[in-house]
Amino acid sequence: MVRLTRAQQQARTRAAVLSAAASEFEEHGYAEAKVDRIAERAELTRGAVYSNFSSKRSLYLAVLLDEWPHRPIAGASPSSEPAFGVAAAAEAFARVWLERLPLAGDTAAGARLRARSVAGVFDDEPGRRVLGELTRLEGLLLGLALESCRPAGGRRVRLAEMILTLLHGADHLAESAPGFGDPFDLARACGHLTSVSLHDEWDPPHLPFIPAARTCDDRWEPPEEIDDGVLVVLGARRLGAAEEAVRAIASGASFEAGNVTIAAVTSDPAEIGALVRLRVSGTMAMLRQIFPAGVRPPVRIIVDGAEGFAHAIGVPVGDDTEAAVRIRDGRIIARADGRGAGHAAVTA
């Protein structure tokens, strides 16, 4: 027999744990799942499970992330022309989202796994706060996509948040009352929400009072190449601040600012980091099906490897981090820290 290297053995053990955990979570759900049973299913010790995953929560999130590539999202076919009207785009997004709803034969636990649900998984205050920031970021991404649709209009983030409220509600209701509600009706309802007048304006009262960015001429050695523009490093509890940089560019405050890159960092990569990866990757995957050409202004979200960007600009990796730099011709020409950093870097 060929002797496995240490890395190969670790990969085999991890795969065995993930397979056993997926079966355990699908059968018993997150709350009732037992690490001892997962170890028994994998024919490993409890210690072997914990040597790969620090907690049941990190293991559950790893299962969801591991399952993601093998469960393609059905829905609207990609088109090279983002020529959607806003109502059609909202309905198309809803149809893609609702593909995750439980099937008639799913158990309650299986339904939650299929929907990649984290209901009841992050029921502590730090987790709830991160979920709130993640949902704000999802609202921004969907809102920017809707803003690129006909007819041309202003900010559509409040519309996106209304759509997400309806869809998240459908998720929760499908878990507690499977079969209730018609997905086609829900998708049409999301399209009709675009006709509601929301008076959506962007005017945070704190932005006029944030400190100006500091001009500089520093070396820029990123872990991977990114385009000139603004890099904003945001902790998991500050992700909602991404819009401050986006709106400054969209308003023409800085003609040369270019793209916005958001690097999402956390001091807890096993749990909070996995949650951010799960939610952001899911949202971006759905949006790419409907808006393959992207949105304007361009926004890139970096989750994997984001810590490297934080180190590259010399800021700490933490859940409350908020810092930004402006990059031009491969040099850092402005820096800002603290609340409003992204806005300050754009308007430097």
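The legends below describe close-up views of a predicted model. Residues are numbered from 1 along each chain as its sequence is written, and side-chain values use heavy atoms, with hydrogens and water left out. Because the model is predicted, local features need pLDDT of at least 70 and side-chain atom pairs count only at pLDDT 80 or more, while totals for chains, interfaces and linings use all residues.

**View 1. The open sheet of six strands.** The strand order is β1-β6-β5-β2-β3-β4, and the pairing is mixed. Strands here are DSSP runs of E with at least two residues, and helices are runs of H or I with at least four, numbered from the N terminus. Two strands pair if DSSP finds at least two bridges between them. β1 and β4 (299–302) are at the edges with a single partner strand each, so one side of each has no neighbour in the sheet. On average, neighbouring strands are turned by 25° against each other, direction ignored.

**View 2. Strand β6 and its partners.** β6 (residues 331–337) pairs with β1 (residues 214–219) in the antiparallel sense over four bridges. Arg 214 stands opposite Arg 335 of β6. β5 (residues 322–328) also pairs with β6 in the antiparallel sense, over six bridges, and Ala 324 has Ala 336 as its bridge partner in β6. Two residues lie between the strands in the hairpin of β5 and β6, where Asp 329 takes a positive phi near 55°.

**View 3. Strands β2 and β5.** β2 (residues 229–235) runs antiparallel to β5 and is joined to it by six bridges. Leu 234 has Glu 322 of β5 as its bridge partner.

**View 4. Helices α7 and α8.** α7 (residues 125–147) and α8 (residues 157–176) pack at an angle of about 120°, with axes 8 Å apart. Axes are lines fitted to C-alpha atoms, for helices over the stretch in contact, and angles run from 0 to 180 degrees between N-to-C directions. α7 is therefore oblique to α8 (angles under 35 degrees count as roughly parallel, over 145 as roughly antiparallel, 65 to 115 as roughly perpendicular and the rest as oblique). Residues in contact (heavy atoms within 4.5 Å) include Leu 142 and Leu 146 of α7 and Ile 163 and Leu 164 of α8.

View 5. The end C-alpha atoms of residues 34–53 lie 14 Å apart, and the span is 70% helix and 0% strand.
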